[in-house]
Amino acid sequence: MAGQGDYEPLRPDVILAFHELCLARDDGEWFMGQLDDDGSVICWASYGSDLAEAIRSL
């Protein structure tokens with residue numbers, strides 16, 4: 001979770017960017033986060049395996 005200091009690294013196989021926000025898929029689960037200028041992503045929420053639900057949450 002953002003701001004907690006202890007981050008769990010993800011290895012996404014897909015990243016969908018929507019301006020500053022993005023969805024990253026790791027092990028079939030979609031995470032919402034922010035895409036930084038250096039290419040890193042900090043995710044703060046998981047939306048499960050349903051891409052349509054994750055997109056509606058943007």
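User: How do you know that β3 and β4 pair, and how many bridges join them?

Analyst: 5 bridges join β3 to β4. Two strands pair if DSSP finds at least two bridges between them, so β3 and β4 count as paired. They run antiparallel. Strands here are DSSP runs of E, at least two residues, numbered from the N terminus. This is a predicted model: local features need pLDDT of at least 70, side-chain atom pairs count only at pLDDT 80 or more, and totals for chains, interfaces and linings use all residues. Residues are numbered from 1 along each chain as its sequence is written, and side-chain values use heavy atoms, with hydrogens and water left out.

User: Why is alanine 45 called buried?

Analyst: Buried means under 20% relative accessible area, exposed over 50%, partly exposed in between (1.4 Å probe, protein chains only). Alanine 45 has 18% relative accessibility, so it counts as buried. The residue lies in strand β4.

User: What does alanine 45 touch?

Analyst: Alanine 45 touches Trp30, Phe31 and Met32, not counting residues up to four places away in sequence. Contact means heavy atoms within 4.5 Å. Arginine 11 is 34 residues apart from alanine 45 in sequence and 16 Å apart in space, C-alpha to C-alpha.

User: Why is leucine 21 called partly exposed?

Analyst: Its relative accessible area is 29%, so leucine 21 falls in the partly exposed class. Leucine 21 is in strand β2 (residues 21-26). Its contacts are Leu16, Gly33, Trp44 and Leu58, not counting residues up to four places away in sequence. The C-alpha atoms of leucine 21 and alanine 54 are separated by 12 Å, at 33 residues apart along the chain.

User: How do you know that β1 and β2 pair?

Analyst: Strand β1 (residues 14-18) and β2 share 5 bridges in the antiparallel sense. Isoleucine 15 stands opposite alanine 24 in β2. Leucine 16 stands opposite leucine 23 in β2. In their hairpin, with 2 residues between the strands, histidine 19 takes a positive phi near 60 degrees.

User: What makes β1 and β4 the edge strands?

Analyst: The open sheet has 4 strands in the order β1-β2-β3-β4, with antiparallel pairing. β1 and β4 each pair on one side only. The twist averages 30 degrees from one strand to the next. Axes are lines fitted to C-alpha atoms, and angles run from 0 to 180 degrees between N-to-C directions.

User: What makes a set of grid points a pocket, and what volume has the largest pocket?

Analyst: On a 1 Å grid over the protein atoms alone, a pocket is an open set with protein on both sides within 12 Å along at least five of seven lines. The largest pocket has a volume of about 410 Å³. That volume is the space filled by 1.4 Å probe spheres set on the points, which are joined across faces, edges and corners.

User: Which residues line the largest pocket nearest its centre?

Analyst: Among its 19 lining residues, Glu8, Pro9, Leu10, Val41 and Cys43 lie nearest the centre. Lining residues have an atom within 4 Å of a point. β4 gives the most to the lining, with 6 residues.
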